[in-house]
Amino acid sequence: MIYYLYYLATKLLHQEVDFDVTGCAQHYCITCARYFVDMRSLKEHFKTKIHKKQ
Ligand SMILES: [Zn+2]
């Protein structure tokens, strides 16, 4: 399951760069519909309760 989410997130890394969005829209959690500043923050987010509740 986590691998699947990671795969989705990786796919979404190929979004266009948007400087108005956190992390320029390059680090996105599809489950929570949230953007993160960098890959490290995104990976940490995957371990959090907030993410697992979704
Ligand atoms: Zn999430």
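A: Buried residues make up 11% of the 54 residues in the chain. A residue is buried if 20 or more other C-beta atoms lie within 10 Å of its own, exposed if 12 or fewer, and partly exposed in between, with C-beta atoms placed from the backbone. This is a predicted model, in which local features need pLDDT of at least 70 and side-chain atom pairs count only at pLDDT 80 or more, while totals for chains, interfaces and linings use all residues. Residues are numbered from 1 along each chain as its sequence is written.

Q: How is the confidence of the model read, and where is it lowest and highest in the chain?
A: pLDDT is the predictor's confidence in each residue, from 0 to 100. The chain has a mean pLDDT of 85, and 89% of its residues reach 70 or more. Confidence is lowest in helix α1 (residues 2–12), with a mean of 74, and highest in helix α2 (residues 39–46), with a mean of 94.

Q: How many helices and strands does the chain have, and in what order do the elements run?
A: Helices (H or I, at least four residues) and strands (E, at least two) are DSSP runs, numbered from the N terminus. The chain has 3 helices and 2 strands. Their order from the N terminus is α-β-β-α-α.

Q: Which residues does the UniProt domain annotation cover?
A: UniProt positions are given in the numbering used here, feature names are shortened, and annotations may be inferred rather than shown by experiment. According to the unreviewed UniProt entry, the annotation "domain: C2H2-type" covers residues 27–54. Over residues 27–54 the chain is 46% helix and 14% strand, and the end C-alpha atoms are 18 Å apart.

Q: How are contacts in the chain read, and what share joins residues at least 24 apart?
A: Two residues are in contact if their C-beta atoms, placed from the backbone, lie within 7 Å. Among contacts between residues at least 6 apart in sequence, 8% join residues at least 24 apart.

Q: With which residues is Leu-5 in contact, leaving aside its neighbours within four places in sequence?
A: Leu-5, in helix α1, is in contact with Thr-31 and Phe-46 when those neighbours are left aside. The C-alpha atoms of Leu-5 and Cys-29 are 8.0 Å apart in space, at a separation of 24 residues in sequence. Leu-5 is partly exposed because 16 other C-beta atoms lie within 10 Å.

Q: What is the C-alpha separation of Ile-2 and Lys-47?
A: Ile-2 also has its place in helix α1, and its C-alpha atom is separated by 9.2 Å from that of Lys-47, 45 residues apart along the chain. Ile-2 has 10 C-beta neighbours inside 10 Å and therefore counts as exposed.

Q: Where does Ile-30 lie, and why does Ile-30 count as exposed?
A: Ile-30 lies in the loop between β1 and β2. Ile-30 counts as exposed because it has 12 C-beta neighbours inside 10 Å. The C-alpha atoms of Ile-30 and Tyr-6, 24 residues apart along the chain, are separated by 9.6 Å.

Q: Where is Gln-54 found, and with which residues is Gln-54 in contact beyond its neighbours within four places in sequence?
A: Gln-54 is found in the segment after α3 (49–53). Leaving aside those neighbours, Gln-54 is in contact with Thr-31 and Cys-32. Between Gln-54 and Thr-31 the C-alpha to C-alpha distance is 6.5 Å, at 23 residues apart in sequence. Gln-54 counts as exposed, with 11 C-beta neighbours inside 10 Å.
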